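Here is a short tour of the structure below, written for someone who likes to look at the packing. Keep the viewer open as you read.

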Amino acid sequence: MGATAMVIDSREPDWVKNLELGGLPKTILALHCSDAMIACDDGNVVLVERKTPNDLLGSIKDKRIFHQVTEMATVTRWAYVVISGTISYG
């Protein structure tokens with residue numbers, strides 16, 4: 001499976017918008033669900049929801065993460081949650 005294009009949500013921080021994935025064509029748009037979408041040459045789509053540790057905990061507390069993951073799973077079976085940052089106990 002090879003990737004053919006990537007879309008990054010326009011509400012993501014600049015460091016995410018500037019990510020490169022092996023020279024893959026990239027578009028910045030407001031996405032309905034997920035923070036990034038990767039189109040694959042076999043017709044599949046990979047969706048990625050990015051969470052900071054604090055956002056992950058907050059979205060578990062308010063149950064938002066469960067809605068987000070369920071919505072992504074209705075689009076593709078290739079749905080992932082990625083935690084960006086350090087999780088620490090404190």
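Contact here means heavy atoms within 4.5 Å. The model is a predicted one.

With that in mind, let's begin at helix α2, residues 53–61, where Pro53, Leu56 and Ser59 are buried. Viewed down the axis of α2, these buried residues fall within an arc of 130°, so they line one face of the helix. The cover over the buried residues of α2 includes β4, α3 (64–75) and β5 (78–83). On the other side of α2, you will find Asn54, Leu57 and Lys61 exposed. After α2 comes Lys63, which has a positive phi, near 70°.

Next, the largest nonpolar core. It has 9 residues in all: Met6, Ile8, Val16, Leu24, Ala36, Ile38, Cys40, Val46 and Val48. Three strands, β1 (3–9), β3 (36–40) and β4 (45–51), each supply at least two of its residues, and β3 gives the most, with 3 residues.

| Residue | In contact with |
|---|---|
| Leu24 | Ala3, Thr4, Ala5, Met6 and Ile38 |
| Ser34 | Asp9, Leu47, Val48, Glu49 and Met72 |

Leu24 belongs to the core described above, whereas Ser34 is found in the loop between β2 (26–29) and β3. Is Ser34 buried or exposed? Ser34 counts as buried because its relative accessibility is 7%, and buried means under 20%. The side chain of Ser34 also reaches the backbone oxygen of Ala36, at 3.2 Å. Ala36 is itself one of the core residues.

Conventions
Residues numbered from 1 in each chain as written. Predicted model: local features only at pLDDT ≥ 70, side-chain atom pairs only at ≥ 80, totals over all residues. Heavy atoms only, no water. Core = buried A, V, L, I, M, F, W, Y, C linked by side-chain atoms within 4.5 Å. Buried < 20%, exposed > 50% of the residue type's maximum accessible area, 1.4 Å probe, protein only. Helix = DSSP H or I, 4+ residues; strand = E, 2+ residues; numbered from the N terminus. Polar contact = N/O pair within 3.5 Å; in protein donor to acceptor, adjacent residues only side chain to side chain. Arc of directions from axis to C-beta. Lists of a residue's contacts leave out its neighbours within four places in sequence.
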